[in-house]
Amino acid sequence: GHTYTQRLWCAWELFVLFAFASERTAADRAVFVPLQKEFDTLSELEHFDARNSHCFDPNEEGRLRLVITAVGVDTFNQRVKSWAGKLRGVRNGSPSTSK
């Protein structure tokens, strides 16, 4: 739904998926099921900023932010944005750049 990109755990799950699987495998396994026809989740992810995302539990958010800060917020954001583009490419039939 429209809050997907505002939920820090969702972005974290994508980050972990792409960190531990090849880009092609991760892109093939990530499935986005549109709940609202007019909302484009991948487009929203291409403009993702972790600073605008939160967790329901502030303690969990604090722990996630510690790890994200260690990676670098800008690096984390750029990876999420990049992967959204790769996911869009797989959905549109373009080959992945990595195996």
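**Figure 1. The whole chain, and how far its contacts reach.** Take the contacts in the protein between residues at least 6 apart in sequence: 78% of them join residues at least 24 apart, where contact means heavy atoms within 4.5 Å. This is a predicted model, so local features need pLDDT of at least 70 and side-chain atom pairs count only at pLDDT 80 or more, while totals for chains, interfaces and linings use all residues. Residues are numbered from 1 along each chain as its sequence is written, and side-chain values use heavy atoms, with hydrogens and water left out. The protein has five helices and zero strands, so the elements run α-α-α-α-α from the N terminus on. Both kinds of element are DSSP runs numbered from the N terminus: helices are H or I with at least four residues, strands E with at least two. The accessible surface comes to about 6,300 Å², and 53% of that belongs to carbon and sulfur atoms; these areas come from the Shrake-Rupley method with a 1.4 Å probe, and for residues only the protein chains shown count as cover.

Figure 2. Over residues 95–99 pLDDT stays under 50, and the model has nine contacts beyond four places in sequence for them.

**Figure 3. A look into the largest nonpolar core.** Such a core is a set of buried Ala, Val, Leu, Ile, Met, Phe, Trp, Tyr and Cys residues joined through side-chain atoms within 4.5 Å. Buried means under 20% relative accessible area, exposed over 50%, and partly exposed in between (1.4 Å probe, protein chains only). Of the 23 residues in this core, Leu-45, Phe-48, Phe-76 and Leu-87 touch the most other members. Helix 1 (8–20), helix 2 (23–29), helix 3 (41–45), helix 4 (58–71) and helix 5 (73–91) each give two or more residues. Helix 1 gives the most, with seven. Across the protein, buried residues make up 32% of the 99 residues.

**Figure 4. Helix 1 up close.** This helix has 13 residues and reaches 19 Å from its first C-alpha to its last, close to the 18 Å expected at 1.5 Å a residue. The expected span is 1.5 Å times one less than the number of residues. Its buried residues are Leu-8, Cys-10, Ala-11, Trp-12, Leu-14, Phe-15 and Phe-18.

**Figure 5. Rings that pair up.** Rings of Phe, Tyr and Trp (its six-membered ring) pair if their centres lie within 6.5 Å; planes under 30 degrees apart count as stacked, over 60 as edge-to-face and the rest as tilted. By this rule there are six aromatic pairs. Trp-12 and Phe-76 make a stacked one, 6.3 Å centre to centre with 20° between the planes. Trp-12 sits in helix 1 and Phe-76 in helix 5, so their pair ties together parts 64 residues apart in sequence. Both residues are buried. Ring pairs also link Trp-12, Phe-15, Phe-18, Phe-48, Phe-76 and Trp-83 into a cluster.

**Figure 6. Around Phe-48 and Asn-77.** Leaving aside neighbours within four places in sequence, Phe-48 is in contact with Thr-5, Ala-11, Ser-53, Phe-76, Asn-77, Val-80 and Lys-81. Asn-77 lies in helix 5 and counts as buried, at 4% relative accessibility.

Notes:
pLDDT = per-residue confidence, 0-100.
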